[in-house]
Amino acid sequence: MESGPTPPLRFCDSQGGGVITAGLYRIIAGSENIHNLIGRIDALPTNELMATENPLLTKLHAAIVATPLPVIFEQTLTEFLDREQLADRPVAVRSSATQEDSGEASFAGIHDTTLNIHGHDDIEQAILRCFASLWSSRAIAYRRKMKISSYQIACAVVITEMVNAESAGIAFSCDPVNGRHDVITINANYGLGESVVSGTVEPDQYRLNRFSKTEIDSQIGQKQQRCQAKPGGGIEWVKNTDSHQACLNECQIQLLARICDRVFHALGRGEQHQDIEWAFDGNGFILLQARPVTALPKITCAEIRNQPEIWSNGNFRDAVPMVMSRLVSEFSDHQINNILHRNFDGFYPIDPALRFARQFQGRFYCNVSLMQWLWFDSVEFPPDKMNISMGGHQPLLRIDEEYKKGLGRKMRRIWRGLKFFRMIGRYRKQADAIIKSETEFAEQYRQLDYHALSDQELVDTLQLLNNHLTDYNRAFIMLTSQSGVLFMLIQTLEKYLGERAYAIANTLMTGCADITSANHGYQLQSLAQQLKNDPQALQIINGREFQSREWRAQLPEHSPFKKAFANYLTQYGHRAVYEIDMSRPRWREEPGYLFNCIKGYLALPEIQSNAAIRTQENENVWREIRQHVPFYLQGYIRTQVATAAHGSELKELSKSTFVRLMEPMRQAFVEMGLRLAQRNILESEGDIFHCALCEIVAVLQHEWDGKCLKMLIAERKAIKAVQEQLPPPDIIIDDAPQYMVSQPTCGATGLRGVGVAKGVASGIARLIRTPEEGHRLQGGDILVAPSTDPAWTPLFLNAAAIVMETGGYLSHGSIVAREYGIPAVVNIPGIFSLIKNGDSLKVNGNQGMVEVMMS
């Protein structure tokens, strides 16, 4: 053992118990006899220790148990037991090794716990038995397996009042068997938890959805016996007379699930799942201990199990590039995974345990290796096309050539593809009715007086809104998938026009759709012109006293601009900058960004229609198609163009509707924040977005007084601030982050990306990292952005061309750039380190090239 100064002896008090720190163990283990025995045991091979009960282990165990404890400790222990009134009450004495219950090693069931101990002398013996349990053959073997040195480990001991449990067991904030992250698993038996922890009985098992807390399934175990406290000390095993009955009722199960979720968010920070021991004493639940779940099975498809798991932020950076607060990340995790699962409903069943989205350093990443495989195996959509569609800088999945060519599998993929396109066809026909219905629902609940609701009514309404949004996910993903028809058009063109197919498709798609997010910009332009013609409103808006939140009060009633702006908010007020982040105010609440965009348009000349130019370009493209494509396919191509244009419309409209349904949920959360701030549970109402949903519900349903919630929020804010300073990796291969930088492909200045909107333009590079920096973009500049969501749309009309670090062919920015007819190249990794603000750029959307012009 390592030598050094004797550590101090300390008791760390807590309500109903305390902790003997590891210093006492180090004193015991540092004695000459025990130190020498440990050294000899440490030199033995593992197989010799495990073969039979080793005499050295027996001798070491006896030596530790027989060691007299320091007098000063005995005095401290007596004072503690008297102060906590535990001297004459039953206690539990639990080992807690220094390397135990970490994120890497759990030591579950390895070290000793002694229950129902009475009195000073028995407690001393139980403490020594805890120390000795570090030197069982199983404990040593586990340490060696986990590469933990014997010199690294020491043992603290927890002494707590014994819980007289009616039932007890283990719960997990996940499903430890199949790896599902969205499931809470509860195992229970009557009596003390020892029967469940030790695996002696088959317990009841309840599995619940972690987000809704609704039961997925339950199984009543045999539970033939229970463990209970023995009169006078110790434990005994007795027969269960009611083994066929459930240990917990429905309300108790849901309450325990909410408690487990709180542990996951408090101790696991919403990422590290927890293994929790609990007890129910007839009045409430007591948590006995919690440790990280250190090993969950890797859940993927059998055919790609031997390939690395690749996670990319490419397809998420449009909508969720930021580090999110706890509530928003919890909401997004649930919705994103649910949406991507619903993608395959009805034509290709997949394992519900598959995980499509995860967080790394607070940001979201998509399992692109899984997406590449599923879309290939379901409908034979090639991985390279999937990468172009999604964006990102991930490598291609390897697919076995024999698997590709197998006739039976190929026919099944074709059949599933037909089913899929029939399904999205049905949704296309129903689109208008779906959007109308969802819009009416959202408006109904937006008009609701949330302040007038009771706490429970507020919780119930939020649950209703969340369930409704989750139900909409099926329609959302089916309507969003309509835009994929564009790849069918490209596939047709590729057969006859080769590499020109993408450029031709971009031209055919320019200006031919009614894109709701493109209309944001068009209408803001129109508002700028109306403001120019409304001198009184213009003077007020440009004045120092103007407050954007007070625009209704500050602008005169007769103002034409005021009426037009109100109409704009009726259409688009539910949107926001990075609108998927529910913590961000909607434009209806805070329209300052819109006023800044309008004022930016005032300095620019009115943009002239380029319809004549577009018509000529379209005619040129059709001339090329007629020269190379058989005449009998030309009508089909026109149909595909119309269908793809409508698909782009539906993709953007369905997302707008999703965000519209989020707005009343935000209203409910804001009201909850106001209430908890008024009750001094939160520092401010905005802190509600740093809470977990289970914490909010627990307070509003009076299951918890909110004590220490402010401390949890302060910790989360500090972690978020650190994560925001970390550069996000482009991809994660298994758990290894990787940062990609584009390499010049023509000379020293050419950078290749994906051309998503036709045309060539030159101008000054303006590096804009967030929409709020958009005032720096001057007319005719090249907008260089990390990614874009609908809030960027008004900036597009000021730009000569668009360059993005990430983005796919079907991403929001690509669709809007094609609609506006602005040259655009996306998916150039490391663009912010390769281009400087003020560089002269030439953007070729036809070839997917960006050239830095040399002066």
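Guide: Serine 329 is in contact, meaning heavy atoms within 4.5 Å, with Met324, Gln359 and Phe364, leaving aside its neighbours within four places in sequence. This is a predicted model, in which local features need pLDDT of at least 70 and side-chain atom pairs count only at pLDDT 80 or more, while totals for chains, interfaces and linings use all residues. Residues are numbered from 1 along each chain as its sequence is written, and side-chain values use heavy atoms, with hydrogens and water left out.

Serine 329 belongs to helix H10, which covers residues 326-342; helices (H or I, at least four residues) and strands (E, at least two) are DSSP runs, numbered from the N terminus. With a relative accessible area of 5%, serine 329 is buried, where buried means under 20% relative accessible area, exposed over 50%, and partly exposed in between (1.4 Å probe, protein chains only).

Leucine 795 can be described in the same terms. Its relative accessible area is 5%, so leucine 795 counts as buried. Leucine 795 is found in helix H27, residues 793-796. Not counting residues up to four places away in sequence, leucine 795 touches Tyr593, Tyr601, Pro771, Gly774, Leu777 and Leu783.

Next come some strands. Strand S21 (residues 760-767) pairs with strand S25 (residues 840-844) in the antiparallel sense over five bridges; two strands pair if DSSP finds at least two bridges between them. Valine 760 has asparagine 844 of S25 as its bridge partner. S25 also runs antiparallel to strand S26 (residues 849-852), joined by four bridges, and asparagine 844 has methionine 849 of S26 as its bridge partner. The hairpin of S25 and S26 has four residues between the strands, and glycine 848 there takes a positive phi near 70°.

For the chain as a whole, there are 29 helices and 26 strands. Buried residues make up 56% of the 855 residues. Among contacts between residues at least 6 apart in sequence, 68% join residues at least 24 apart. The C-alpha trace spans about 95 × 70 × 60 Å along its principal axes.
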